[in-house]
Structures are given as structure tokens and as C-alpha cells.
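Look at the sequence and the structure first, then read on.

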Amino acid sequence: MRKFLTIAAAALALAAASPAFAATKQGGAAIVTFNNDLTTLDPQIGYDWQNWSVIKSIFDGLMDYKPGTTELEPDLAQSYTVSDDGLTYTFILRDGIKFHNGRAVTSADVKYSLERAVNPATQSPGGGYFGMIAGYDDLTGGKASELSGITTPDDKTVILKLTRPDATFLHLMAINFAYIVPKEVVEAEGADFGKKPVGTGAFKVVNWTPGQSLELERFADYYRKGLPYLDKLTFEFGQDPTVAVLRLKKGEIDIVGDGIPPAQFTEVMADPANKNLIAEGEQLHTGYVTMNVTTPPFDNVKVRQAVNMAINKDRIVRLINNRAAPATQALPPAMPGYNPDNKGYAYDPEGAKKLLAEAGVGEGFTTELYAMNVDPNPRIAQAIQQDLAAVGIKAEIRSLAQAEVISAGGAGKAPMIWSGGMAWIADFPDPANFYYGILGCAGAVEGGWNWSKFCNKDLDARAEKADAMVKGDQQEARIAEWKSIFDEVLTQAPWAPIFNEKRFTYHSDRLGGEAALFTDPIHIPVNYDYIYAKDAQ
Amino acid sequence: MRDFLLRIQNLCLGFQTEAGYLRVLDNVSLDLTPGETLGLVGESGCGKSVTAQSILRLLPCPPSRVEEGHIWFDDKDILKLSQSELQDLRGNRIGMIFQEPMTSLNPTMTIGNQLAEPLRLHRKAGAGEARAAALDVLKRVGIGNAEQRLNQYPHELSGGLRQRVMIAMALICSPQMLIADEPTTALDVTIQAQILDLLRTLQKELGISILLITHDLGVVAETCHRVAVMYAGRIVETGTAVQVLTDPQHPYTRGLLAASPRYAKKGERMPAIAGQVPPPGKRGQGCPFAERCPLVMDICATMPPLQGDEHKAACWATKT
Amino acid sequence: MTAFLEVRDLKKQYPGGVRAVDGVSFDLQQGQTLGVVGESGCGKSTLARLLLRLIEPTFGTVRLNGEDLLALKSAQLRERRRDMQIVFQDPYASLDPRMSIGEAIAEPLDIHNIGNRADRRAQVLKWLDRVGLPRTAAERFPHEFSGGQRQRIGIARALALRPKLLILDEPVSALDVSIQSQVLNLLVDLKSEFGLTYIFISHDLSVVEHIADQVAVMYLGVIVEEGPSQAVFNAPQHPYTQALISAVPHPDPRMKRQRMILGGDPPNPANVPTGCRFHPRCFKAQAICASMPPPAQAMLDHPAWCHFPGP
Amino acid sequence: MIGYLAGRLSASFLILVGVTIVTFGLTFLIPADPVAMIAGRTSTPQVREQIRVQLGLDQPLPVQYIAYVTRLAQGDLGRSYARKSDVGPLIASRLPPTLLLMLGAIIAELMIGIPAGLYAASRRGKTADKAAMIASFVSISTPQFVLGLSLIYVFAYLLPWAPLGGYGTFSHLVLPALTLGLAGGGWYSRMMRSSMIEVLQQDYIRTARAKGMPEWRVLLRHGMRNAILPIVAMIGLDVGIFMSGVVVVENVFGWPGIGQLMWQAIQSLDIPIIMGVTLVAAVFIVLGNLLADMIAPLIDPRIRLR
Amino acid sequence: MWARFARDRAASVGLAIIILFTVAAAAAHWIAPYDPTEQFFDGLTLEGAPLPPSSRFWFGSDTNGRDQFSRLLYGAQTSLLIGVLANGLAVAVGTLLGVTAGFLRGLTGAAIMRLTDLMMAFPPLLLAIALAAILKPGIGIVIVVIALVNWVQIARVIYAETTGLVNREYIEAARAMGAGPWRILWRHLLPHLVPTVIVYATLGIATTVLLEAMLSFLGRGVQPPTPAWGMMIFESQSYFLNAPWLVFVPGAAILILALAFNLVGDGLRDALDPTQRGRT
């Protein structure tokens, strides 16, 4: 059963079952609970796991993925063409796409939306993704107010010119920051757009009481006919997941948005009544420990390798109720470029000690391990602490607020950071997304997210070369190159990969849909557009 | 046979404390006839205030306890009244005023409301009726600007005015008897003179009986018809004011009068009573004054009875 | 000859216009007792504190043996306090409830570094004897004593420094008559024994009459009549003094006196009347009394500040 | 009376100015870079620098403070880094639940504290008194989050009488209000007891009894009003205590108030929200004290003289 | 005084509890069955859930598989240390400032009291975070922060009492004897404040432990894996329905200790009052 739920299998299952979709009737409602309030629904600004999937149901981009899979397909674009040099992309928009306010989408909206993401005035956390579009530097440098690389010859056509070929570009057209927003509404609402979003997506916002609830309603003019299935989707906030689990048992709610809390995980899993209510799936996630390679003793690769060998990943996985698999490398298994043959560093405290001795720190040393202060991260940090202590490394734990850990990491002040709670869940399913910001030189600057400050110019050059392979027939070679890049990263060991988290979504019996929809690797966690209410059938 | 309004018979009362039971009133007997002012004199700790409060049963019980005795008021024993009968007596048929007009009025209620309270309680008077009566009684106790005073709070009034308000409050239900517990002690002499004058006038006009508790023989001389002198929980001498103050029989009364600076000769040592009042618990079976008494005899180890007709004294050394 | 204590135009004004003491002057010779009488609010207790600079005067001079006390710096003043002590009205409030009697009596010696522990201990016992308290009292606490005993403790404490001037602020007012006479006798004895000078403050005229050589009658912050005790009590010139004397009840019911009952309320130092301060309550008041402060008029042998003095 | 109020008001204003200075100063000591929080993981140094300029963080501190106060004067509390929305409306939307919770807590603590204190005072020295005082110590000694979790465990989990958490109906309010108010109730019962015992020894209580008033009327009409004064002064201080308490209690019970907002902001070090909530809390604390100052003279006329 | 204290049964029980806890904390090394930081492999179920109380783990195991009983014992060291020192410091600072303000009044007094007004209008958590940013996290900072937060109320109470005491006649009597300000402060003011000080020194324990927990959670307090009661609760707060022993065992410990301190404080207040001595 579990085997079936790997991404590829799920995709097959969806494809096979596709005729059944036609029979699915619209109607019904679902209630999702969250502990924290939603921050914003502005696609160019929202960048946390919680608003990520909600934005996906309210907005659309040029590209999207097949539901429950990591397979790209055009969305608002009816079709697209790529020039041979990989520097020009031409998208043709579909007919009859309307914003929730009734206005038809034009190519100008696409241009406006992308520029909005890049413009520093928007303060978008994702603007940096679009650095390859021509005119990016002028716009971010304040020298221009538009992106010169985007032209709109007519209402339906958008032409994007790039400054360098980039194999990930179509993925970027599918991430939230590239979603299409109506200019006039954004300008009218100003900063409030994130509270009163208007998009083209399957659901539109009816009412949002901050701190309490968000009510979405089916968008009648959604361009995919027959979708979404649910008439109404309500998010309730301020709901402790522990409480939410109990409420779900009572039938009061449908999805525990925060996932099953660790405290109840074993109990919920053990309950036979929940057998069909828990969807399990993989995520594009790796939890890892960074080591600052610019400061001793972590400037010595042997020390970093020793740390990799010292940590008992199996025990840590058990600590989080086996909701993850021990990681062998930086990339998660579901990511293209993952090397199943590379088994990484095995748990070997004796070997670690030997390496430390070779590095001249055989008597051990004292360092600091930063971790975010939300359960289970302090616990994981303590487990790591104990393992390190066993080989003579005395790590003091700094259990801090997320922002502080990020600041310390960015400033290069943290010798070691446990990435949990801030870790990289890929924004799009491509190995490149796991490299530049967190392992490349670009991220190894003051304020950057490469907390190891690992900067290998050779690897950077190889990565850029790989990403220049944009043609369909080059893809295999590209992935092979990435595989070798990440093998090298593992040897250099700026990180100690710990585990790859799995996702478990607990939903009510009222809701139907393939398990992959409830653990969608793109719509984290749930693809609300395709799940349906059984009582409406 | 005199017609008594109040008659205290053999009252023995004490307090239960951590150190055991302490008797503070020992065989106290008092009579009060209608229209009469009786002065109860003594120094602090002699039991005069306890006596006054026990008449209205104001002492918290426990720790206080009546061992024996009766307090007859209008042929009813107050000590045997039920709580509601007692409340009907208090403030209605017996009014009481206290030493400290400063603290005896509720600081958070207007004078008018405090005055009206007994009327509304005992006479079920309406607000308007009570207010009219309050105005009337304020005028009677000599308070000008009565209208305005009704809306004032105690702290806005001087001590003398406050004591007048206390008197007005005690009189508002036209009681048959007034208990005045050191009513002028906290006041200046000129104000004391005003209040004593007021009490005398009121008594003449209303014909009520007054039990006046004081430590000042001068006040007794100016106000009272009859006097009872208390010492260490016992009545040691009683009689008309003239009898007791001009011809004291008990050595304590004599000493008290002599110790008044009035009688002392300038430049001479004042005649003083040596020693201290024995505190409750250290009072033996005999005469409590014996250890300070210049005339002490062997027989003083047993308590002398109050002897005499109208003028009585509890002393072995005095013939009656 | 300069007086032992010379007070000139002493004033204390509080913010808000309260004139507690409003120009008091007098001389006191060594070995004399000055009685200050008046009702509450007349400023007599404030005067006592001003003389010792427990309250800083607003204006005026106080000279003790020719030395201007108001010019002293605080350290000098503390030193000078050896010469002048005070006994307070409420013997309970003026003793620190957490200090044993022995500590309390030894404290002034301790403050002025007089003697060692043993000396001080001996002094404590000596003073306990002298004021008629058992030696065991040294180990006990104020609440274990009666009012009269506490006042004896207060006196012992004040005298431990062997001061020259003792200010007695209502020292017997809180005491019962029989105890009051004991304490008064003690004070008289101590005065002759140690050659003290007293300022005796009281509202009780008969006590002042008994103990004082000189008397000053205060009303609303000023002295209205002043003179040798006998002269003031036998032939009071100021109507206020007359009313005060007549208001004191006499313990002989046969004495039928013509009493003067003053109308009105006791005076309020926050609201001082114009002209003669006493005029609103005065039975002799005329137009001039409301407009002009009266000058000192010496009738017979002592001055009274009244437009119409005399019986 | 007017002078008294004017004095209180100007003092309150000064406190608020002080709060803005201290809050502003403290936030600079917190080691979290707002630019990093806004700019996200893909940003370039160039973009980060531009955001820094936009936020005015390149200016000297006094200039930044003046800009901050100027915005405050215009009612602008700034914009949240993590939530990407204006702090003012955010707090405004969170205030009603918090005020409701605090009101519930005040009612709870008064309803527990005053009767318990009165009862203990009237039964002074007896078993009931001692039991009440031990109970009050237990309630004071219990940390709020332990109490909250215990109440949920017993009354919402073992005996499902109340909802496990959330917001909406009266039954949602009961447990959190009790959690917030129980310790205060313990304090109040002790204060009420000692205050009442003191009042019951006052002369005017004897006067009231001498007037013939039934005992219960003496207690309520003459005793309560005088005994309650110290408690009124405390209610003002309570606002401050509650402002800290709601952070814990709202989290335990999933109550959507400013306490939860503050907690989340502290976790993410969202400085504009922290500053905004601090300021709003300070305003409420000051208002609470002002209110207590205004109620006190209504209960005790002597205070009007001050 | 001790006789009076001993007669107070509640206070004696309180004292016994404090002694018991102190002894247990001091002897933790010998009493505790395990190292409090050791994460046992068999301390978690195969699914990673903590174990309920059993003969191996008397009070169960925590979410890292450590022995809860051993952690409780060692945690007593931290919590008692913080409770006593932090409160002591707060009481010392509060008393000093309160007495100074009440005794000197004038400008200094007004300045101190305005400072307390400001502090009262200020959430302690923010102060704690900012302060902790400057100082190295650990027990020291917990103590300093708690002291800084808790002195305010004590200062106000002491101030109010001092202003009341300063007007007492025996203070005036001392001045009349020639006593200087220091003497009055030491001999006549502070002894009277001792009961209040003691009560506050003991009443603050519960609040202190709560603050310790919060600070630890924010990474400023006791650093893991060192056990402290507040942190033990905070760490396992979300487990309270499934593993209630994780919350309620340390919760009960805090409650009992705070209660004991409160009872002792109350008893001491009565016993220290000499006006009660030998009184009926």
C-alpha cells in the first residue's frame, strides 16, 4: 500500500482514474483548521507553507502541475514555445479566463504581475527567482519601472526574453510569485490586496475575519469546467492541532491543516477507524544541519564528515514518530537528481572520532547548535547534541525564534544550525531549487540563506552550465550533471542531511479524492481544487 | 419603688482569649429611671464601655460571653432577646453615640443617608419622609445649613458637627434611652461645652434617659443626676452626683477627685494614686483596689458588697 | 541679659496657604516652664516641632543660649539635639514597636556615641529606676506596657542625653487621671533634679495651670495672651482665654457658674479670618475686630492681643 | 477633582511617551534583521539594501524614532514584517476577543474573590476561613499554563463539559476566563478578607449595628463598600497583569486575541507587531489605572479632596 | 518567634516541603536513578512516543526518552536556584528603590516612582528578549531578567509602606534624638518592612517559575538539555493529552513548591510581628 503512494505511482493512478473525474459532482463544503492565522493571500508576497496552498486555489499562473504530481503542464497559457537558444519564451493565453471580479485576463496582467514580483517596492520574498528575465537589474536597481524582457504584442501573447538560458524557467512560471493579479484591484487596495485577494483561481474569497476564519466559495466562472468540486471551503484559525484532531473525530471539521501533532501521532495512526482517513505522501524536503565552513574547526572537511558520521539518524527519525526517512544526501528522494546509489555517511561514531583525531581535534571541541524553538526542533537538536557529545563535540543549544536563527545564519554567526522549521521545502521540483540559495555562492553572503557559507566556484560554474541545458533532449544529461554536483556537495559535507520528512494528512470521511491530492507535493499539503465531498455525490 | 427603664443585675461578662477566659465585668448592677441622666465614671480598662456596649449586645460573641446576669429594659431581658427583637431595640428604642465622631460615621455614605437609615429600617419610612425627618432632627441638634449638610460626607464636617450628627442619628427614632459613650472625649473643651449643653437641653425637652459614660468627673458634675463609679470591672460607688462628688465614700473616688489638677496646689506635688489598674486576669477575689489603697486591711482580701441606701460604696473601710 | 530660649516671629506656612504658625515670639529663661495652651489646630504642636527644627520654619529665628538654631547645618543640628529633647503625646506611637525598651532608651546614647555597650546598659537601668519602671522592662516591648508606663519610657529616653530643654507635647493627655498626676509629679521632680527648662504644651488648662510658670495661649497660629501663669488664669484678659477657662467642667456639681459657650466651629488654619482671628466666635466682637489685627495691650501685668481686653 | 484628573491624565501621557522610547530602543537590541525577514531566501544584496532604505533603517536612530512617533501620532502603527499587513487593523481585529476575555477574567476573579473573602472574614479563624485561605494560596501558586492545561484536561477532555478551545460562544469563554482570573481571585479573596476584617473593626460598623441593622446589611451596605477600595485600585493593576497573562492563556486555549498575536509575533520576532501590541497594552494599562483612579472617588468621597 | 511559627501548622508543613525539595535537589546526584540528560533508546516506544510511569521510569519518560524522575530531581536544583536568587534579587532591588523613593521623596522619589509606572505599563517578555540579546543566555540571565521584571510591584508596595512609616511619630522621635537618615532607614524603617519583604520573597515563586519557562522557550533561559521545571512543562505542553505525566508531574512540583513558599511566607509574617508576641 505504501509503495503505491510514491509520487510516480500516484500520478499513474490519477491518470488511470481520470474518467472518474467526469462523474464527480460539485457541491458540499469542507472545513480546514490552522493553528496560526493566515498572514497574507498576496501571491507575490505570501511565502510560508500555510498560505502557499491557499494562494494556489485562489490564483493561477501560466504554468501548473498535474494534480498530485510534479509534472508540469500549461495552465493559463494555452500553449508556449521556446526558442532554440533557450532565451525567448512565447506564451499564448487561453480564452475566457476571468478574474473573480469578472474582468478578462490579458497579457498586460501577466507582465504587470511579473514586474510586481521583481519590483523591490513590493518587497516580495520571491523576486530574486526572476533574475534571468532581461531588465531585472534595471528594475531592482531603480533604473527602470518595467522589465524590458517582457513584451505583449497583443492581448493574448506574452513574450519573455531571458539574459541566460535557464532550465528551471517553466517551473518558475508555475510558482506563486508568478501568479497573475489584476492591476486595477492591486492598485485600488494597495497594501490590503493580501487581505482582499482577487485572482483567477478555483475559489474566491467571501469573508476573512483575521484570527478566526477565512471563507472561500467556488468561483463560478473558473475556466476549468466542473472544477472545483467543493462549493465552499472554510479555514478556521487559532485551532490548536491537538484540539483539531479531537474535533475531526467528532465530525466537526474535515482537515487538520497543521498535520497530526507529534503528541497524538502514534495514537491517531494506531486507531483502525482512521485507516482510510490518513493520506501519506512524500515531500520535497530535507532536514539538515549546517556547519559554517568559514570558521574553525568546521573549515576542515574531516570535521564536517565526522559530524555526518556521528549523528544517529534512525534514532532521530524515531523521535519524530517515524514521520520521515533518514536522509542520505541533500536532495530528497522524490527530487530529480537524487542519487539512489549514494548511501551517504553511515552512523559510525568510532569512524567519526578517528576523523576528528586526524583533523587535530581528537580531544573534542565546544560549539553552538542553533535550532528553532518550536517542537520537535529543540528535541531533535538535543538528540543531535547527545550524538555529538558521544564523539567529543560539546554543542550548546541555542533554541531561538525562527527569525533569530535566520538572522544568525545569514550573518554567519551560527557554527551549526539545525534547519528544522526553516528547512527547505522546494518551491518547485527541480534540483536547482536546492542549490543556489542554500549551497551556492549567491547565498553565502551577509543575510543570505546559505548558512554554511559554503561557496565552491567550480560547482557554481557547473551548476550554471547544467541549467543552460534547456532543450528536451538535454534533460537527462542535465539531471546527471546535477546528480554529480550533489555527490560532490556530499563529499565536501557543508551539511549533515538528517531526514526527509513525509507528510500525513488527516481528513474526515466526508471528503473524497486520491490520497495524492491530500499530500500534494506542490499544493502543500492539500490540493483543494480536486478533492470532493462524498455527501454531494 | 422606683420605676426603672433599664436595670442591669449582677452582670458578669468576659472574653475568651488565647490566654484563657478573662472576666472584665464582675457583678455589675445599674438602674436608670425615665428622664434621668446616669453617669458611669471610671478610668480606661475599668469596663464602663463594655457595660455600655453589652446593653445593646454590641460585643462580638465569641469572644465575649455573658456568664450571668440580666439586663432588663422595659421588663424584657435584653440578653434573652432574639436577633430580630434585638435589632428592633437598637437605634429605635435605645440610641447610642460613641467617643470618636470621626470614625463612627461611615466615610463613604452621605450624612443624609446615614441619618435616614434607622428611620427606613424601623419605621419603614419612604425616602421623602426620612429626608424630612432628618432635616428636622439636624435642626434640633443645632446644625445650621441642614439642607446642605444632608448631602455632605462625614469628612467634610468638623468634629463637633459630626458628634451632633451622631446624636441626631441616635435620636431620630425618638428612643426612650440614649447611651453616650465618652461623647466629648475627642473634642476640644469649647466644643465639649457645646455638646454637653446640647445633651442637657435635649434631655429637658425630650425627657429621655441618658447613660453617660465618661472618665471626666467634671463632665459628670455638669450633666448627671446620678453617678456610678467603676473600678476594674466593678461598681465601687454609686449615688447622686452631689453625694458622690462632694462626699466620696470609696478611697478610689476620693483619690480620683484629689488627683484632678484643679484641686492640686500650685507648686506642690499632686496627690496621686500609686500603682496601676490591675489588668483583667490579675484581679483576685478581693477588693481590686486593695493594692493601691491607703486604707487597705486584711479583710480587703474578700470583695466588699455595695452598702448603703441611695449612696452606696463597696469598701470595708467606710461606714455607711 | 539674653534669654535661654529666644523665639522671634516664627512662621510656618504650608503650600496651599495653611498658616500653621503665623508669627510667634517669646522668651524663656532657664529653669522656667512655659505652658502653651490652645485647642486642636491652633498650631501648638507645629510650634514644638519648629523649635526643634523637626519641621523647617518658613521664617523667624530660634536662639538657644544665643545660638541661632536655624542657621545650623544638618550634621551640626543633629549634634545640637543633645541639648533639647521632646516627649510626644502618644507614648505608643512614639516608641518603635520593634525595639525593646532597653534599645529604645539606649538609642539616643548610641546615636551620639556616648559610652560603650556596658555604659549604655547601665544608663538604661539607671533611667528605668529613675522613672519608676522595673529593670526587667529593658527586655520587653512597648506593647507590653500601659500608657503611663510608656510615657515614663518616653521621658527616660528623652532625658538619657541630659538635655537642657525638654519640650513636652501633650505628655499627659492620653493618660488616665490617676496616672496623669503620677507623671506630672515625675516631671516636676525631674525638672528640679536635673535643672531642666520645660515647654509644656497642652489643651488642658488645669494641667498647665498646675505646672507652668509662664503661659502662652494660642489661637490659629498666634499667641493671643501671654504672661505669668497665675496672672493669666486668675485674670484672663482675652475673651478667648476667658471662654477656654469657663468651658472646663468642674467636678463639683454645686458650683453653678456662668458659662460662656463659644459658638461656631473650631478654627481652620487653611482659612484664617481677617483682622482679629478670633472675631467670628467672639462675644465682644465689633466692627474693628474684623478689619484690624489687634495690637498687644498690656492690662495689669501681662499682654493680650485684643481690641477690647479685660474682664 | 478636575485638577486630580488632569494630573492623572498628564502622568498617563508621559508614561506612554516613555513606553514608546523604551520599546523603540529595545527593539534595536533584538537580533533579528527585518530585511532578511521581508526579502526572503532568493533575494540579492541589492534588493535587500533597497528594502533597508524603504524601511528607513539606514537612518540614524533619533531620526527613525521621530519618524516612528510621527507615524504613531497619525494612528499608523507600522506594517508587520511577517504578516505583510498593517499592524493597526490587525490589533484592532484582535482586541475584542482579548477585551472579552479580560472582562470575563475580571468577572471571574471578582465573583470568586469577593464572596470568598467576605465569607472568610465573616468566619474568621474557623475551619471555613482556613480552608478558603489555603485554597487561595493554591490558586495563587498555580502557574497559568499548568492551570489552563489542567482545566482543559479535566473539563474538556475527561468530562467533555466545555470545548477544548477556540472562540465564539459563552462556553468557549468559561475556561480561559477562569484560568486568567483564578489567581486574581485568590489574591482578591485574601485582600477582601483582610480589608473586611479591618473594616469590621471600625467604629462605624459598630454604629451601624447600634442602629439596629441586620448583620447581612451591615456587611454589605457598610462593610463591602469600604472594604472594596483596595480591590478597586487592584483592578487597574490587573489590566497590566492580564496583559501578560493573555499571552499564555490565549495560546493554551486558541483564543484569537492580541495575546496570541503577541506570542506569534515574539516567536517570529515581528517587531512592528511587538511594538504595536506593547503600545496598545500600555494604553490599556494606563486606561485601567485611570479608570481605577476615577472609580475610587465614587466609592470613597475622601479621595476627591486629594 | 520559632515557637509561634512552629504552632502554625500550615507553615510548618510548608517549611517541611521546602526542606524536602532542597534536600532532594542537593542530593539529586545520589538519588536520581539516571543521568537526567541521557536519552535512552528504550525510553521511547517504537513509534517514538514517551513512556508512562513504570518501574524503569518512575515518573515516565519524556519525549526524548529521558527519565522524567531524574529530570525532576535535577530540575529542582535549577528551579530552586532561580526561584530563590531571582526573587531575592527582585526583592532586594524593589525594597531598595521603594524605600529610597518613600524615604527621600522629592525628585529622586518621584523619578523612581515614574520608573515603576513605566515598568508597569510594559510587557516583561519584550524586556526579557532584548536584554537577553545583550547577555549570554543561561541561568544568570533568567535571574537578572526575572529580578528586573519583578522588582516593580515590590517597589510600589514598599514605597507605600515606607511613606506610611515615615510619618510615624517614632521616626520623628528618632530624628529628634539626632538620628541621621541612614540610622532611621536601617533601624526604624527596614525592620518594619521585613514582613512585607519576606512575603514577597516567597509569593513570587510561582511567577518566577513561569517566567523561567517562557525565557527558556525563547532560548534565553536555561539551555537544553539542563532540566528546569518550567522548561519541562513547556517542552511537552502539546503532549498533555497523550502523555499527561509530562506536564502534570513538573506542574505539580511547581505548585507544591510555590504553595510551600507561600505558606511559609504567611507564617513568617505572623511570627515576625512582635506586637503578636505573647499576645492573646
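How much area do chain B and chain C bury between them, and what percentage of it is on carbon and sulfur atoms? Chain B and chain C bury about 3,600 Å², with 54% of it on carbon and sulfur atoms. Buried area is the accessible area (1.4 Å probe) that two parts lose on being put together, summed over both. The size of an interface is often given as the accessible area lost when the parts come together.

The model is predicted; local features need pLDDT of at least 70, side-chain atom pairs count only at pLDDT 80 or more, and totals for chains, interfaces and linings use all residues. Residues are numbered from 1 along each chain as its sequence is written, chains are lettered from A and ligands numbered from 1 in the order in which they are written, and side-chain values use heavy atoms, with hydrogens and water left out.

**Two interfaces**

Contact means heavy atoms within 4.5 Å. Among the seven pairs of chains that touch, chains B and C have the most contacts.

The table sets out two pairs of chains.

| Pair | Residues in contact | Buried area |
|---|---|---|
| Chain B and chain C | 45 of chain B, 40 of chain C | about 3,600 Å² |
| Chain D and chain A | 39 of chain D, 48 of chain A | about 3,500 Å² |

A salt bridge is a side-chain nitrogen of Lys or Arg within 4 Å of a carboxyl oxygen of Asp or Glu. A polar contact is a pair of N or O atoms within 3.5 Å; within protein, one must be able to donate a hydrogen and the other to accept it, and residues adjacent in sequence count only if both atoms are side-chain atoms. Between chain D and chain A there is one salt bridge. It joins A:Asp37 and D:Arg94, with the closest N and O atoms 3.8 Å apart. One residue pair is in polar contact across the interface of chain D and chain A (both at pLDDT 80 or more).

Across the interface of chain B and chain C there are zero salt bridges, and 10 residue pairs are in polar contact (both at pLDDT 80 or more). Helices H8 (189-206), H9 (217-223), H10 (241-246) and H11 (251-259) of chain B each give two or more residues to the side that touches chain C. H8(B) gives the largest share, eight residues. Helices (H or I, at least four residues) and strands (E, at least two) are DSSP runs, numbered from the N terminus.

**Two sheets**

Two strands pair if DSSP finds at least two bridges between them. In chain C, four strands form an open sheet with antiparallel pairing, in the order S2-S1-S4-S5. Strand S2 (18-28) and strand S5 (67-68) of chain C are at the edges, each with a single partner strand, so one side of each has no neighbour in the sheet. Strand S1 (residues 5-14) of chain C pairs with S2(C) over eight bridges. C:Lys12 has C:Val21 in S2(C) as its bridge partner.

Chain A also has an open sheet of four strands with antiparallel pairing, in the order S4-S5-S7-S6. Its edges are strand S4 (77-82) and strand S6 (150-154) of chain A; each has a single partner strand, so one side of each is left without a neighbour in the sheet. S4(A) and strand S5 (residues 88-93) of chain A pair over five bridges, and the bridge partner of A:Ala77 in S5(A) is A:Leu93.
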